[in-house]
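Let us walk through a protein model together. Keep the sequence and the 3D view side by side.

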Amino acid sequence: MDSSQMEQFINEVVILTQINHRNVVKFLGCCLETEVPLLVYEYISNGTLFHHIHQNNGILLSWEDRLRIATETARALAYLHSKVSIPIIHRDIKSTNILLDEKYIAKISDFGVSKLLPSDQSQITTLVQGTLGYLDPEYFYTSQLTEKSDVYSFGVVLVELLTGKKPVSFERPQEQRNLATYFISSMNENHHFELIEDRLVDEKNVEELCVVAKVAKRCLSLKGVERPTMEEVAMELQNLERLRKQPWVLPIEEESVSLLSEPSEFYHVGDTSEQSSLQRNMILSMNFPR
């Protein structure tokens, strides 16, 4: 392997050992008996969210499924940003990195380019990495990576779920090629409902679709400071889910109830920065086959 591949391998192991969340793919270990070292994960049987939105002609995700998957993904990102010992910026959130298990539960995957955010820093200066169509424009122009970069990428996933359209397509007219910018311009002109996938819309969920569209617009703000946190996004989406299932229940009040404090869903491995450093040194000292 070249040095960049080795660094990604080590980076992913170090980060994954800190994570234990039901909406993040579970890391089981690594195999060093092959020519190229391998990461071993739990098996996720239903492929990627991208496949089910854009390529799967058999099983079509309902709006209820899409809202649940969005909520699960948002909660996992909120956990990565604020509930592990060292915050984690995923850096490559996209529908191909969201897997679906046999029950269509969302699982975030691929932490090869993720970054740990030291507690005394709010941003990291780093080489720009990400995927066209999902990449935070502020990060692209400044090389300053923050948690809000994940928020932008998640906003693009929300628009995918709403519209059924790919983030970038050169088959569309020029003004429509970038889905995020086209969606924002349509929102500003109050034409965004023309973009929402027809079969998702019925008289019962129009308000939900509008709320999610507004959340997506806030996530896609060009300035990171104007975007919500992932905890705020998760709270809003969870409230929608609660109201759908139990319309008589009042929304969760952010001041008094923390979505991210539910012990049945969020777990702490308890790593410290010293432990992470020790893990990295242990991995570096391994005898990788040549």
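Start at S82. With 36% relative accessibility, S82 counts as partly exposed, because that class lies between buried (under 20% relative accessible area) and exposed (over 50%), using a 1.4 Å probe and protein chains only. S82 is found in helix α3, residues 63-82. Helices here are DSSP runs (H or I, at least four residues), as are strands (E, at least two), numbered from the N terminus. Now find E147. S82 and E147 are 65 residues apart along the chain, and their C-alpha atoms are separated by 9.7 Å.

A word on the source. This is a predicted model, where local features need pLDDT of at least 70, side-chain atom pairs count only at pLDDT 80 or more, and totals for chains, interfaces and linings use all residues. Residues are numbered from 1 along each chain as its sequence is written, and side-chain values use heavy atoms, with hydrogens and water left out.

Next, look inside. Rolling a probe the size of a water molecule over the atoms shows where empty space is left. The structure holds 1 cavity of 30 Å³ or more. A cavity is a set of points on a 1 Å grid over the protein atoms alone where a 1.4 Å probe fits but cannot get out; lining residues have an atom within 4 Å of a point. Grid points are joined across faces, edges and corners, and a volume is the space filled by probe spheres set on the points. The largest cavity has a volume of about 70 Å³. Its lining has 14 residues, with R91, Q129, Y134, L135 and S153 nearest the centre. Helix α5 (residues 147-163) gives the most to this lining, with 3 residues.

Notes:
On a 1 Å grid over the protein atoms alone, a cavity is a set of points where a 1.4 Å probe fits but cannot get out, and a pocket is an open set with protein on both sides within 12 Å along at least five of seven lines; lining residues have an atom within 4 Å of a point.
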